[in-house]
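User: I've got a model open and want to go through it piece by piece. Can you take my questions as they come?

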Amino acid sequence: MGRLQWVMETSMLKTLAGKHRSTVTKMSRKYKSTIETPDGPRRCIQVTVPRDKGRKPLVTRFGGIPLKRQRTAVLTDIRPVMASMKRNELIHGLLAECCEMCEARTSLEVHHVRKLADLNRPGRREGPAWVHLMAMRRRKALVICRRCHEGIHARRPTAVLRK
């Protein structure tokens with residue numbers, strides 16, 4: 001734990017030195033302090049920002065707490081809250097189990113393009129139907145069957161698009 005504390009403290013001092021265009025040694029001298037704790041005096045890095053109108057100064061500290069084991073501590077794990085339960089269009093397409101071009105229901109794959117801007121560049125000839133479908137839906141991926149996917153890569157005309 002001592003090594004981890006040293007790495008984090010040094011990293012913070014290097015960040016401060018970079019922001020203030022100074023050296024780590026100068027930042028260390030400026031912000032190092034000793035505070036009193038129930039376990040005795042502890043060294044820490046403390047930054048104090050004075051404020052006007054009689055308000056208390058803002059004080060922040062790194063360190064100053066003992067890194068010792070608490071044998072009677074009770075740890076309670078809680079389940080993480082999922083950020084979103086919504087599903088995007090690609091997952092809906094895969095769950096539909098149907099090719100977006102010919103409505104086949106076997107051997108589905110996903111066709112992906114790097115950038116939508118590549119689909120309809122000015123000066124290019126008219127693209128196939130799948131290009132229009134991807135551009136219209138503003139999606140870089142299509143759920144299609146293996147036959148349609150091979151047709152796209154072989155530049156063969158593909159099946160008529162479903163509405």
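User: How many bridges are there between strand 2 and strand 3, and in what sense do they pair?
Analyst: Strand 2 (residues 40–49) pairs with strand 3 over six bridges, in the antiparallel sense. Two strands count as paired if DSSP finds at least two bridges between them. Helices (H or I, at least four residues) and strands (E, at least two) are DSSP runs, numbered from the N terminus.

User: Which residue is the bridge partner of Val49?
Analyst: Leu58, in strand 3.

User: Before I go on, what sort of model is this?
Analyst: This is a predicted model, in which local features need pLDDT of at least 70 and side-chain atom pairs count only at pLDDT 80 or more, while totals for chains, interfaces and linings use all residues. Residues are numbered from 1 along each chain as its sequence is written, and side-chain values use heavy atoms, with hydrogens and water left out.

User: What is the mean pLDDT, and where is confidence lowest?
Analyst: pLDDT is the predictor's confidence in each residue, from 0 to 100. The protein chain has a mean of 80, with 72% of its residues at 70 or more. Helix 3 (residues 89–96) is lowest at a mean of 68, and helix 2 (residues 24–31) is highest at 94. Where pLDDT is low, the predicted coordinates should not be read in detail.

User: What is found in the loop between helix 1 and helix 2?
Analyst: Arg21 is in that loop. Arg21 has a positive phi of about 50°, although it is not a glycine. Its relative accessible area is 80%, so Arg21 is exposed. The classes are buried under 20% relative accessible area, exposed over 50% and partly exposed in between, with a 1.4 Å probe and protein chains only.

User: Where is Ser107, then?
Analyst: Ser107 is in the loop between helix 3 and strand 4. Ser107 also has a positive phi, about 40°, without being a glycine. At 46% relative accessibility, Ser107 is partly exposed.

User: Change of topic: strand 5. How many of its residues are buried?
Analyst: Five of the five residues of strand 5 (residues 141–145) are buried. Ala141, Val143 and Cys145 point one way, and Leu142 and Ile144 the other way. In a regular strand the side chains alternate between the two faces of the sheet.

User: What does strand 5 pair with?
Analyst: Strand 4 (residues 108–112), in the antiparallel sense over five bridges. There His112 stands opposite Ala141.

User: How many disulfides does the count come to?
Analyst: Zero, counting a disulfide as a pair of cysteine sulfur atoms within 2.5 Å. For Cys99, the nearest cysteine sulfur is that of Cys102, 3.7 Å away. For Cys102, the nearest is that of Cys145, 3.6 Å away. Cys99 is buried at a relative accessible area of 0%, whereas Cys102 is partly exposed at 24%.

User: Last one: how much of the chain counts as buried?
Analyst: 22% of the 163 residues. The protein chain exposes about 13,700 Å², and carbon and sulfur atoms supply 54% of that. Accessible areas come from the Shrake-Rupley method with a 1.4 Å probe, and for residues only the protein chains shown count as cover.
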